[in-house]
Amino acid sequence: MQYKIEGDTLPVVICTLAAGETMITERGSMSWMSPNMKMETTSNGGIGKVFGRMFSGEALFQNRYTAMGGEGLIAFASSFPGSIRAFQIVPGRELIVQKGAFLASETGVSLSVYFQKRMSAGFFGGEGFIMQKLSGNGIVFTEFDGHVVEYDLRDGQSIIVDTGYLAAMDATCSMEIQSVPGIKNALFGGEGLFNTRITGPGHVYLQTMPISNMAGAIASVLPTNNG
């Protein structure tokens with residue numbers, strides 16, 4: 001499989017598949033394709049994985065697209081202004097991503113539910129108790145909100161992240177919640193009550209425009225209906 005990512009704030013990944021190669025995606029993610037791409041809807045792993053994807057923010061079923069009789073083309077566009085990133089997943093290098101980040105992948109990549117080890121991280125960390133874990137072997141495409149800034153954390157090195165800005169991190173990183181110090185800071189600082197501490201070793205991907213922040217900004221200027 002060969003691919004290229006085009007576009008800036010509204011990107012699309014265009015994949016060229018050899019005959020017999022298959023891509024997996026969520027329903028509705030396919031944007032355009034050549035006529036020889038065969039689609040099949042599947043649970044891709046049984047009822048357990050179906051509910052695991054549901055809890056991690058993905059659809060219950062996935063679509064498989066296979067190039068039949070020759071080279072095929074298929075494109076997957078982002079659903080929100082932001083970035084599409086490609087990752088090579090290999091055994092021992094799993095990736096933890098925000099809910100809804102999965103766009104498409106080769107068949108060797110597995111998408112599963114990822115539970116935070118610390119209960120507080122789930123309730124107050126901004127991304128919810130459940131995130132997504134990408135494992136296996138193959139290329140996966142993810143979509144993040146806004147521009148992506150990357151940091152490589154050494155063992156024991158940390159970064160403090162405001163709610164919703166964590167897009168992805170290596171599975172070697174750990175995540176915990178710390179409260180904003182001081183009652184005045186917490187109540188009147190405008191930054192919420194909790195921050196997320198990400199500690200290395202590992203790579204961290206932060207997004208500049210969480211969709212939840214965008215939705216809140218839009219809602220604040222919409223006219224209210226008083227009946």
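**Briefing: cores, sheet and selected residues**

Leaving out residues up to four places away in sequence, Asp 170 touches Arg 93, Glu 94, Leu 95, Gly 202 and His 203. The model described here is predicted.

**Asp 170**
- Asp 170 sits in strand β16.
- Its relative accessibility is 10%, so Asp 170 counts as buried, the limit being under 20%.

- In soluble globular proteins, nonpolar side chains tend to be buried together.
- The largest nonpolar core has 15 residues, and those touching the most other members are Phe 87, Leu 95, Leu 134, Val 140, Phe 144 and Tyr 205.
- Two or more residues of this core come from each of β8 (82-89), β9 (95-97), β11 (109-115), β13 (138-145) and β16 (166-170).
- Another core, of 14 residues, lies apart from the largest one; Ile 84, Leu 103, Ala 104 and Phe 141 are among its members.
- Tyr 205, a member of the largest core, is in contact with Phe 87 and Leu 95, among others, when neighbours within four places in sequence are set aside.
- The contacts of Tyr 205 also include Arg 85, Arg 93 and Glu 150, as well as Tyr 165, Leu 166, Ala 167, Ala 168 and Met 169.

**Cis peptide bond**
- Gly 200 and Pro 201 are joined by a cis peptide bond, with omega near 25 degrees.
- Pro 201 belongs to the loop between β18 (194-199) and β19 (202-207).

**Open sheet**
- An open sheet is formed by four strands in the order β1-β2-β7-β4, with antiparallel pairing.
- β1 (2-6) and β4 (30-33) are at the edges; each has a single partner strand, so one side of each lacks a neighbour in the sheet.
- On average, neighbouring strands of this sheet are turned by 20 degrees against each other, direction ignored.
- The antiparallel pairing of β1 with β2 (residues 12-17) runs over five bridges.
- Opposite Ile 5 stands Val 13 in β2.

**Met 68**
- Met 68 lies in the loop between β6 (62-67) and β7 (72-77).
- With a relative accessible area of 42%, Met 68 is partly exposed.
- Asn 36 and Lys 38 are touched by Met 68, not counting residues up to four places away in sequence.
- Met 68 and Thr 22 are 46 residues apart along the chain, and their C-alpha atoms are separated by 9.6 Å.

Definitions and conventions
Residues numbered from 1 in each chain as written. Predicted model: local features only at pLDDT ≥ 70, side-chain atom pairs only at ≥ 80, totals over all residues. Heavy atoms only, no water. Core = buried A, V, L, I, M, F, W, Y, C linked by side-chain atoms within 4.5 Å. Buried < 20%, exposed > 50% of the residue type's maximum accessible area, 1.4 Å probe, protein only. Contact = heavy atoms within 4.5 Å. Pairing = 2+ DSSP bridges. Axes fitted to C-alpha atoms, helices over the stretch in contact; angles between N-to-C directions.
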